[in-house]
Amino acid sequence: MKLLFNKIDRRDIALFIWYGVLAALAAYVLLWWQFWTDLPSHGEMFTSYNSILAGTYDPPYQYRYVAYLLPDLIRRVTRLSLQTSEAINRAIGLWACALAFHAYLKHWFGRHGAIIGVLGFFGSVPLFIVQTSFAPTDIPTLFFLILALIALRNRQYIHLLWIVPAGMLFRETIVFVYSVWGVAFLFEKDKRTQLPYLIGSLIITVVVFAGVRLYFGFHPYSSYALPDNLKDSRAFIRPLLLFGIFWITAWINFKTAPTFLKYASVLVPVVGMAVFLYGYSKDSRLWLPLVPVLIPLGLRFILSENDPPPVIQNQP
């Protein structure tokens, strides 16, 4: 895929293999740890998993059918348990995220900076996915979000005609990318170039959104969670712990940050507002969309001036 792998050298091949090893280790160990420490919950998750595949589960989870179909396909092909098949599926998703994130970071920080950022991502993975049990929706969504941001930054708008709609099949939060695109559209000069792709991407995404609901049936549901979040101290403490010092370092010398990262920073208030209003803020995985914002912004403070120069300079 030229969009993602347009600047690979031989050293990257061995590095990407190690990313795969880390992804497999994280996925397998964490999933089995979850299984043995929360057996009653896993029994419930097995039941809901099968109900989603049967098309009878509650919204909005039913509308994310594709995310649950993939590990089931692995189970059918390999004849392994659903537990192991989900571990394989999660490992593939984490590996894809690592590769995309490496390409995303290398643009500004060079190879060494990208490695530091990806290792930081793997270091935070346990905090993000330890609660997800058999919910294979969030990791693929992060992958498509990073891919969409790469396309936006490189002004390869045509790729957004398929990236965002594809991400919609896994989780609706992929639409957060439109907030970044909206800011970029306002401040960039190539509005005439962007506009057809922006309209086209929105139309295709809406068609996918509506088509899935038409297929499984339109079922209204309420997810307003602000009162519960305001009463629970974990709703504030856990998001702070997830990114730690990055919450502070991301904003140091923000004026000198790359232009695109300034655009992407709109995700912080957008995601924060969405999570507090319509999700449970203590659920760590809901904060995953901030990974491609806070980590690169924070890396600018961590990396020294003696580090290798970025692959591309004087670019958004």
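Predicted model: local features only at pLDDT ≥ 70, side-chain atom pairs only at ≥ 80, totals over all residues.
Trainee: What volume does the second largest cavity have?
Mentor: The volume of the second largest cavity is about 50 Å³.

Trainee: Which residues line the second largest cavity?
Mentor: The lining is made up of Leu94, Cys97, Phe121, Val125, Phe128, Ile129, Ile139, Leu142 and Leu288. By class, nine residues of this lining are nonpolar, with no polar and no charged residues.

Trainee: Which helix gives the most to that lining?
Mentor: Helix α4 gives the most, with six residues. Both α4 and α5, the latter spanning 138–153, supply at least two residues each to the lining of the second largest cavity.

Trainee: At what angle do α4 and α5 pack?
Mentor: The angle between α4 and α5 is about 165°, and their axes are 10 Å apart. Angles over 145 degrees count as roughly antiparallel, so α4 is roughly antiparallel to α5. By class, the contact of α4 with α5 has 16 nonpolar, two polar and two charged residues.

Trainee: Turning to α14, how do the axes of α4 and α14 cross?
Mentor: Helix α4 covers residues 82–129 and helix α14 covers residues 291–302; their axes come within 9 Å and cross at roughly 120°. The two helices are therefore oblique to each other.

Trainee: Is the crossing of α4 and α14 left-handed or right-handed?
Mentor: The crossing of α4 and α14 is right-handed.

Trainee: Which residues in α4 and α14 meet?
Mentor: On the α4 side they are Phe101, Tyr104, Leu105, Phe109, Gly113, Ile116, Gly117, Phe121 and Phe128. On the α14 side they are Val291, Pro292, Ile295, Pro296, Leu299 and Arg300. By class, this contact of α4 with α14 has twelve nonpolar, two polar and one charged residues. Phe121 and Phe128, which meet α14, also line the second largest cavity.

Trainee: Now for another pair. How do α7 and α8 cross?
Mentor: The axes of α7, residues 177–187, and α8, residues 191–216, come within 10 Å and cross at roughly 160°. The pair is therefore roughly antiparallel. Helix α7 passes α8 in a left-handed crossing.

Trainee: What residues meet in α7 and α8?
Mentor: Helix α7 contributes Tyr178, Trp181, Ala184, Phe185, Leu186 and Phe187. These meet Lys191, Gln194, Leu195, Tyr197, Leu198, Ser201, Leu202 and Thr205 in α8. The residues of the contact of α7 with α8 divide into ten nonpolar, three polar and one charged.

Trainee: Moving to the backbone, which residues does a cis peptide bond join?
Mentor: A cis peptide bond joins Pro59 and Pro60, with omega about 0°. Pro60 lies in the loop between α2, residues 39–54, and α3, residues 65–78.

Trainee: And what is the phi of Arg79?
Mentor: Arg79 has a positive phi of about 60°, although this residue is not a glycine.

Trainee: Where does Arg79 lie?
Mentor: Arg79 is found in the loop between α3 and α4.

Technical notes. Residues numbered from 1 in each chain as written. Heavy atoms only, no water. Axes fitted to C-alpha atoms, helices over the stretch in contact; angles between N-to-C directions. Helix = DSSP H or I, 4+ residues; strand = E, 2+ residues; numbered from the N terminus. Parallel < 35°, antiparallel > 145°, perpendicular 65-115°, else oblique. Left-handed = near helix turned anticlockwise from the far one by under 90°. Contact = heavy atoms within 4.5 Å. Nonpolar A, V, L, I, M, F, W, Y, C, P; charged D, E, K, R; others polar. 1 Å grid on protein atoms, 1.4 Å probe; cavity = no way out; pocket = protein on both sides within 12 Å on 5 of 7 lines; lining within 4 Å. Points joined across faces, edges and corners; volume = space filled by probe spheres on them.
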